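User: I'm new to protein structures and would like to go through this one by asking about it piece by piece. Please keep the explanations simple.

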Amino acid sequence: MENGLDIRVGGCFRESDVTARNGSSRVQGAIAPPSVRVILGPPGCGKTTRLLGLMEAELEAGLSPARIACVTFTRAARRQVQEQVVEKLGLRLGSFPWIRTLHSTAYRLLGIHHDQILANDRWMEFCERHGYLLSGMLGASDLDGAPREMPTQTPDDIVRTAYSWGRSRGLDVDRTLALCPAEQGLSASGLRLFWRRLDAFKAEHGLYDFPDLLEAVLQRRLHPDVQVLFVDEAQDLSPQQIAVIESWFPHCDRVYVAGDEDQTIYEFQGADPTWLLDLSRRADVETLRQSYRVPAAVHAMAGGIIQQNRQRIPKEYRPRPAIGDVRFLSESAALAAVDGDRSTFVLARNRHYLRRWAQDLLNRAVPFLVEGRGGVSPLSKGRLRTAVDLALRLRQSPCEDDRINAGDLDALLTQVPASSGLVPRGVKTQVREAKRLEIVFTVSELREDLGLNSLLDAMRRAKGLELLQGIPTRFREYFEALVKRHGELPEPCVTLTSIHGAKGREADLVVVLPDLTRTTSRAMLAGTAGREAENRVFYVAVTRAREEVVLVAPRGRRHYPFPSYRFEGGQL
């Protein structure tokens with residue numbers, strides 16, 4: 001063991017036909033390059049930092065940045081790599097054309113245009129044409145977003161989820177119907193019709209959905225022209241993504257694959273720990289042994305969760321030198337523990353369990369954000385915050401030459417009703433056009449050119465936000481309470497999101513809600529695979545914490561059963 005690393009030498013790839021647990025063919029006859037190294041990194045152990053160190057070594061050995069590819073799972077992971085390349089290696093991002101998510105890499109290889117991607121507007125057109133009712137987001141608006149767990153609120157949601165499940169595994173409709181663990185109510189004829197209609201719609205408009213991008217890369221045998229390939233968060237790859245990655249192996253001199261099968265949680269998108277486990281048995285393995293995030297008490301709880309699993313590589317890693325804390329609290333006590341004074345995640349397995357928490361934080365005027373469909377947060381609404389920030393600024397009697405962005409002014413004027421008489425006719429239209437042209441006004445120009453004297457004077461005299469009548473009353477009262485307490489709108493420290501949404505992130509305090517939907521609970525109780533999948537999800541949840549974990553008492557009978565917990569507090 002050197003510098004917190006444990007290195008085990010195994011064999012190289014042999015010619016193989018790797019088959020997924022659910023029956024999907026991953027890759028036929030993949031042959032590894034002479035050097036493959038798997039880097040196993042438990043939570044907070046610095047997998048990405050280790051990859052950057054290896055990348056730096058390759059550059060110091062004389063390799064051109066253009067001959068290095070680094071494939072990440074999400075935009076957030078890609079951005080982290082890019083920031084560290086600039087900060088630690090002192091190189092321009094333009095020097096690295098292949099630091100990308102996998103779908104973005106496929107997009108570049110195929111040379112297609114962004115309007116050829118099946119994005120939200122095209123999904124809406126498809127649904128309107130055929131009368132489908134899909135809830136939530138319809139499709140990713142970019143190539144780099146993290147996968148979202150699709151809603152299953154309508155029968156059409158269930159059909160689309162089954163379609164996505166099958167495509168991510170490279171299955172046709174028949175194999176999908178045979179293998180998909182979909183909710184009750186999946187119609188075989190409905191899935192066949194949806195599949196056929198969507199294929200026809202994409203062909204009509206020359207569109208690609210994300211699985212199509214990967215299929216095209218495989219069919220055309222495209223690959224980045226690089227010598228070294230880095231793959232981050234490998235445990236999250238679907239069988240189709242694995243097939244693409246493995247097809248690139250023979251074209252590289254060296255491959256570094258980083259991941260942790262214990263953190264495989266995107267199974268609804270096809271992720272399966274089997275590939276990383278198998279690869280780890282056949283390649284050189286380096287295990288990172290020191291967590292720089294997880295304190296001792298949280299480390300003990302996390303170990304109790306994940307050590308229940310059999311399908312894993314046992315690995316010991318050290319917590320950071322801090323005790324930390326794990327508390328089991330009632331919901332009311334847990335709510336009181338979230339006061340906004342430190343970075344906090346409130347994590348739920350399914351987002352709708354966050355709505356009660358969002359309402360409580362709103363009532364108590366705690367600064368917070370909500371990601372996704374987990375309730376309402378005024379601070380999550382960017383234009384509302386922009387309007388309030390500008391109103392507060394104007395209340396301070398700014399200098400006549402102070403500059404105001406037209407986009408900010410547009411956000412403010414949107415919340416001032418025409419009936420107030422404070423905004424001359426036609427000014428809102430004029431400001432929207434100025435926003436399009438990215439114009440910046442001075443305060444004197446607001447008075448002289450836009451005729452906003454009355455508005456500026458009224459803003460200066462206002463005691464609160466009463467002029468912004470377009471903002472709902474309860475939101476306006478929330479903003480006013482924050483300003484009274486903090487003197488301004490503070491940056492929120494509390495984030496309400498799903499466990500999947502917190503992947504790759506950390507906070508001082510992590511509050512975990514154990515409640516499960518009927519579908520998730522049924523899958524967990526169905527057998528070993530379901531139980532181990534949920535163990536991985538809640539392992540990821542608790543290991544987001546730098547200081548403390550609060551485990552909240554369940555509200556119903558369907559919930560994740562945390563294991564018994566024992567920690568001798570004084571021993572690190």
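User: How many bridges join strand E11 to strand E15?

Analyst: Heads-up: this is a predicted model, where local features need pLDDT of at least 70, side-chain atom pairs count only at pLDDT 80 or more, and totals for chains, interfaces and linings use all residues. Residues are numbered from 1 along each chain as its sequence is written, and side-chain values use heavy atoms, leaving out hydrogens and water. Strands (E, at least two residues) and helices (H or I, at least four) are DSSP runs numbered from the N terminus, and two strands pair if DSSP finds at least two bridges between them. E11 (residues 344-348) and E15 (residues 494-498) run parallel, and the count of bridges joining them is 5.

User: Which residue in E15 is the bridge partner of alanine 348?

Analyst: Alanine 348 belongs to the stretch 344-348, which is E11. Its bridge partner in E15 is serine 498.

User: Which strands stand at the edges of the open sheet of 6 strands?

Analyst: The order in this sheet is E10-E17-E16-E11-E15-E12, with parallel pairing. Each edge strand has a single partner strand, so one side of it is left without a neighbour in the sheet. Those edge strands are E10 (325-329) and E12 (368-370).

User: Over how many bridges do E4 and E8 pair?

Analyst: E4 (residues 35-40) also joins E9 (residues 284-288) in parallel through 4 bridges, with isoleucine 39 opposite glutamate 286. On E8 (residues 254-259), valine 255 is the bridge partner of valine 36. The pairing of E4 with E8 is parallel too, and its bridges number 6.

User: How are H3 and H8 oriented to each other: parallel, antiparallel, perpendicular or oblique?

Analyst: Two packed helices are described by the angle between their axes and the distance between the axes. The axes are lines fitted to C-alpha atoms over the stretch in contact, with angles from 0 to 180 degrees between N-to-C directions; for H3 (residues 102-110) and H8 (residues 210-220) they come within 9 Å and cross at roughly 55°. Under 35 degrees counts as roughly parallel, over 145 as roughly antiparallel, 65 to 115 as roughly perpendicular and the rest as oblique. The word for H3 and H8 is therefore oblique.

User: How many nonpolar residues are in the contact of H3 with H8?

Analyst: Contact means heavy atoms within 4.5 Å, and here residues including Leu102 and Ala106 in H3 meet residues including Phe210 and Val217 in H8. Ala, Val, Leu, Ile, Met, Phe, Trp, Tyr, Cys and Pro count as nonpolar, Asp, Glu, Lys and Arg as charged, and the others, Gly among them, as polar. Besides 1 polar and 1 charged residue, the nonpolar count is 9.

User: Is threonine 105 buried or exposed?

Analyst: Threonine 105 lies in H3 and, leaving aside neighbours within four places in sequence, is in contact with Val71, Trp98, Arg100, Pro224 and Trp248. Buried means under 20% relative accessible area, exposed over 50% and partly exposed in between, using a 1.4 Å probe and protein chains only. At 2% relative accessibility, threonine 105 is therefore buried.

User: What is the distance in space between valine 159 and serine 187, C-alpha to C-alpha?

Analyst: Valine 159 is found in H5 (residues 155-168), and its relative accessible area of 8% makes it buried. Not counting residues up to four places away, valine 159 touches Leu186, Gly190, Leu191 and Phe194. Valine 159 and serine 187 are 28 residues apart in sequence, and their distance in space is 7.3 Å.
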